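Subject: Structure for you to look at

Hello,

Here is the structure I promised to pass on. Please open it first, then read the notes below.

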Amino acid sequence: MMNSDHAYMARALELARKGLYSTHPNPRVGCVIVRDGRIVGEGWHARAGEPHAEVHALRQAGEQARGATAYVTLEPCSHHGRTPPCADALINAGVARVVAAMQDPNPQVGGNGLLRLMHAGIAVHSGVLEAEARSLNAGFIKRMEHGLPLVRVKLAMSLDGRTAMANGESQWITGPQARSAVQRLRARSSVVLTGADTVLADGARLTLRESELGLDTEQTFMALSRQPLRVLVDGRLRVPLSAPFFQAGAAMVATCAAASARFRYLDDGHELLAVPGSNGHVDLRKLLLELAERGANEVLVEAGPRLAGAFTRQNLVDEYQLFVAPKFLGSSARPLLDLPLGRMAEAPALKIVEMRAVGDDWRIVAVPQPVE
């Protein structure tokens, strides 16, 4: 039974990944229904407000769901949200057993879905491929458990750790395959966040570009159906509304400048968010708390050394995505992070969890090590 449980849950996780770019603010969930050793129903959650994975799978299974086993990558919900409880749908369908990869970290569920199934006489088992399930929804889990989104910092650098020439020239350090990978990082994020320096120096837009996504037709459609919220951290409102960033669509500006400018931004279709700060610098943790309140699961930071360094110094980064180009920019070029350190003991420790070639470049995924 254990081997087959793992195999069917692996398939459910494969289905859940179909929602990688579209389920915000909901988690990515897949479901497989098995009867007599045969899959009779499959489903995955596509968008908030649409049927959950279990409902799609039950519809496909029909009467064959009675007496079957349902494999779900996240505990079936037990509360009325924008859709009815999935636990009730499984009970009404007459399934005999439910296997969940993990409990739902949402306090509105938090084990109640599994309890409801058990009270209905359904055999319940949880924890199959839990690590994989948690990884898929790490941002949703962090938001539910800590009230903060998962923060990824994307950095592109040369082999000597430089991000731009001394005059600010930075396009393009990396090649097309690396840029395509960054597009997919944007597409899966709830928020793409940058700073005034980057927008002023590079004319950055931070939009999704269909031609660079590198996805199949279905996934491209799902990605483009939900553009991430673009957030500009501009403590002193230095970026003019005529900048390309604002011409690319609605955006949010986080600032500690006077709120009297709000209507000027609203008239252009943007939101001005007043965030406490000091010396013209936005309090980044408070900004992240506000974004989480709005349902942001994953925030991608694409910024220059000052803002990226500020996230690092304040221990707000969960993951670094570094793209390394096989070239040198020289000692006068700009550094990766504004991170003044006096002693080796002050250097943040990282653990490299993935390293692979991306075209002619290298992609390194690293996570901060806990401070002992």
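Met355 is partly exposed, because its relative accessible area is 48%, and partly exposed covers the range between under 20% (buried) and over 50% (exposed). Bear in mind that this is a predicted model.

Met355 sits in strand β17, which spans residues 350-358. Together with Ile352 and Trp362, Met355 makes up a nonpolar surface patch. The accessible area of the three together is about 330 Å².

Next, a residue at the other end of the scale. Thr194 belongs to strand β8, residues 191-195. Its relative accessibility is 0%, so Thr194 counts as buried. What lies 2.7 Å from a polar atom of the Thr194 side chain? The backbone oxygen of Glu302. Glu302 is also among the residues that Thr194 touches.

Last, a helix. Helix α7 runs over residues 176-188, 13 residues in total. From first C-alpha to last, α7 reaches 19 Å. That is close to the 18 Å expected at 1.5 Å a residue. In α7, 10 of the 13 residues are buried, so the helix is largely enclosed by the rest of the structure. The buried set includes three arginines to look at: Arg179, Arg186 and Arg188. Ser180 and Gln183 are buried too.

Best wishes

Technical notes: Residues numbered from 1 in each chain as written. Predicted model: local features only at pLDDT ≥ 70, side-chain atom pairs only at ≥ 80, totals over all residues. Heavy atoms only, no water. Helix = DSSP H or I, 4+ residues; strand = E, 2+ residues; numbered from the N terminus. Expected span 1.5 Å × (residues − 1). Buried < 20%, exposed > 50% of the residue type's maximum accessible area, 1.4 Å probe, protein only. Polar contact = N/O pair within 3.5 Å; in protein donor to acceptor, adjacent residues only side chain to side chain. Contact = heavy atoms within 4.5 Å. Patch = residues over 30% accessible without salt bridge, like charges linked within 9 Å, V, L, I, M, F, W, Y side chains within 5 Å. Areas by Shrake-Rupley, 256 points an atom, 1.4 Å probe, with all protein chains shown as cover. Salt bridge = Lys/Arg side-chain N within 4 Å of Asp/Glu carboxyl O. Lists of a residue's contacts leave out its neighbours within four places in sequence.
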